Amino acid sequence: MVLLLCFIVAIFFVSVCVASERDNFRFGPRDKAYGIHFIDDSRGWIVGDTGLAAMTTDGGENWSRVAISGEEPFRDIFFVGDAGWIVGDGGLILHSDNGGKSWDKQASGVKVMLLKIFFLNRDRGFTVGTDATRIRSST
């Protein structure tokens, strides 16, 4: 009976540790982060190579890996409120209207690597990339 109880306790602790490892993403030596942006004091995002995307809801104490799309390198991220944009290789622009819960591709009209993105407000933003690429969005 004692052996069975020890076995059940061990299984519980292993499953708790595995769950916390999944929820608390730790960056490894091969993870290359290129962009970071905080929406507010608590919510933040990091993006990087091979589709790296991680978010925090506690000011950066804990990070959770987020699957967005494939293995494309993400170069930068920016939010205005709950509206967010990610830029990356091949002219990639991803947009979210819900704080990063879902992302949709937006046409950039270019095929170069987009490196940085910045928005003044939800409608007026700028991105720059290789080959002196500059893109401005406004309504």
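The structure is a predicted model, in which local features need pLDDT of at least 70, side-chain atom pairs count only at pLDDT 80 or more, and totals for chains, interfaces and linings use all residues. Residues are numbered from 1 along each chain as its sequence is written, and side-chain values use heavy atoms, with hydrogens and water left out.

Start with the inside. A nonpolar core here is a set of buried Ala, Val, Leu, Ile, Met, Phe, Trp, Tyr and Cys residues joined through side-chain atoms within 4.5 Å; buried means under 20% relative accessible area, exposed over 50%, and partly exposed in between (1.4 Å probe, protein chains only). The largest such core has 13 residues, and those touching the most other members are Trp45, Ile68, Phe74, Ile77, Ile86, Leu94 and Trp103. At least two residues come from each of strand 2 (44-48) and strand 5 (74-80), with strand 5 giving the most, at three. Strands (E, at least two residues) are DSSP runs numbered from the N terminus.

Next comes strand 7. This strand (residues 93-96) is covered on both faces, with Ile93 and His95 buried on one side and Leu94 and Ser96 buried on the other. Contact means heavy atoms within 4.5 Å; beyond four places in sequence, the residues that Leu94 touches include Ile68, Phe74, Trp85, Ile86 and Trp103. Two strands count as paired if DSSP finds at least two bridges between them. Strand 7 pairs antiparallel with strand 6 (residues 83-88) over four bridges, and also antiparallel with strand 8 (residues 104-106), over three bridges. His95 is the bridge partner of Trp85 and stands opposite Asp104 in strand 8. Strands 6 and 7 make a hairpin with four residues between them, where Gly90 in the turn takes a positive phi of about 70 degrees.

Last, two residues with different surroundings. Thr133, in strand 11 (residues 133-137), counts as buried because its relative accessibility is 13%. Setting aside neighbours within four places in sequence, Thr133 is in contact with Val110, Val112, Leu114, Thr127 and Val128. Phe118, in strand 9 (residues 114-119), has a relative accessible area of 42% and is therefore partly exposed.
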